[in-house]
Amino acid sequence: MNIRSTFEDGRLTIYFEGELDHHAARDALRQIEERIDATCPRETVLDFKGLTFMDSSGIAVVVKAYKRTSQVGGKLSVTNLGPQPRRVLQAAGVERFVRVIVTPKEV
Amino acid sequence: MTETNSFKMEFLSRSANESFARAVVACFAAQLDPTLEELGDIKTAVSEAVTNCIVHAYPDTIGKIRLRVRILDGDTVEITVKDFGCGIEDVAKARQPMFTTGGEERSGMGFTIMESFMDKLIVRSKPGKGTTVVMRRKIQRRESAK
């Protein structure tokens, strides 16, 4: 799992590449926390374009990003969800509290 | 149900084996010509079952995980994941959505996902002896244009 991020105009975008399972989750959680704390974003966007697989560990990652961003007064969105990660997030009802951008303006 | 094909393997409860286990099961299930969605569901369920062994069955040790996959009646995948770890005191409680003893790194959705992504989920556990999870998923026949 590779994670990189950009920060521009108060928006933190975190890009995920690879498979997000329990093995990858601890490192992902740590990196997300660090980047949110360092930037205090108005909006955090989790970009899952490069994500090929996610299990319930990904739910914990999204929830964590949501909580951490809320703590600094920001909003969380999720974009470029493939069908498999989307089914996992739907099973957990994550779409009730996180905005899912279905067709991003820019890819 | 008639078994038409099967395999067994055993591996250690190291988290690097989560992706290994789901990839092996997906390769084996491919002979039933599943859709990408069916394959994704099966991989997710295997990932959850194996992660449970690693996180909960063997929290402080490395133990053995046995995986058996069978093809039943030529159209159903049956996956059995067995560990010899600490077991689950209250299986009904563990299966509830959002219930977890794994802290905030875990979502408590593992069993819920196994249940909703597979047709059948059986969980048998004895505290101190281990846990066995059996899951089945029927692969729909497709009018494929081969």
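Let me start with a term we will need throughout: two residues are in contact if their C-beta atoms, placed from the backbone, lie within 7 Å. Take L20(A) as our opening example. Leaving aside its neighbours within four places in sequence, L20(A) is in contact with M1(A), A25(A), A28(A), L51(A), F53(A), M54(A), S57(A), G58(A) and V61(A).

Before going on, some housekeeping. This is a predicted model, where local features need pLDDT of at least 70, side-chain atom pairs count only at pLDDT 80 or more, and totals for chains, interfaces and linings use all residues. Residues are numbered from 1 along each chain as its sequence is written, while chains are lettered from A and ligands numbered from 1 in the order in which they are written.

Now, chain A. It has three helices and five strands; helices here are DSSP runs of H or I with at least four residues, strands are runs of E with at least two, and both are numbered from the N terminus. Reading from the N terminus, the order is β-β-α-β-α-β-α-β.

How does the radius of gyration of chain A agree with that of a compact globule? For 107 residues such a globule would have a value near 13 Å, and chain A, at 12 Å, agrees with that. The radius is taken over C-alpha atoms, and the globule rule is 2.2 Å times the number of residues to the power 0.38. Along the principal axes, the C-alpha atoms of chain A fill a box of roughly 30 × 30 × 25 Å. Of the contacts in chain A between residues at least 6 apart in sequence, 72% join residues at least 24 apart.

On to the sheet of chain A. Its five strands form an open sheet in the order β1-β2-β3-β4-β5, with mixed pairing. Two strands pair if DSSP finds at least two bridges between them. At the edges, pairing on one side only, are β1 (2-8) and β5 (99-101) of chain A. The twist from one strand to the next averages 20 degrees; for such angles, axes are lines fitted to C-alpha atoms, for helices over the stretch in contact, and values run from 0 to 180 degrees between N-to-C directions. β4 (75-79) and β5 of chain A pair in the parallel sense over three bridges, and V78(A) has V100(A) as its bridge partner. Helix α1 (22-39) of chain A lies across β1, β2 (11-20) and β3 (43-54) of that chain, at about 175 degrees to β2(A).

Chain B has an open sheet too. Its five strands follow the order β1-β2-β3-β5-β4, and the pairing is antiparallel. The edge strands are β1 (3-12) and β4 of chain B. β4(B) and β5(B) pair over seven bridges, with V123(B) standing opposite V133(B). Helix α1(B) packs on this sheet, touching β1, β2 (64-72) and β3 of chain B, and its direction makes about 170 degrees with that of β1(B).

Buried, exposed or partly exposed? A residue is buried if 20 or more other C-beta atoms, placed from the backbone, lie within 10 Å of its own, exposed if 12 or fewer do, and partly exposed in between. E78(B) has 18 such neighbours, so E78(B) counts as partly exposed. E78(B) is in contact with R70(B), L72(B), V134(B) and R136(B), leaving aside neighbours within four places in sequence.

So where do the two chains meet? There, 22 residues of chain B are in contact with 20 residues of chain A. On the chain B side, α1 (17-29), α2 (36-57) and α4 (110-117) each supply at least two residues, and α2(B) gives the most, with nine.

Of its 58 residues, L20(A), V62(A) and A45(B) touch the most other members. α2(B) gives the most to this core, with ten residues. And that brings us back to L20(A), our opening example.

Conventions:
A nonpolar core is a set of buried Ala, Val, Leu, Ile, Met, Phe, Trp, Tyr and Cys residues joined through C-beta atoms within 7 Å.
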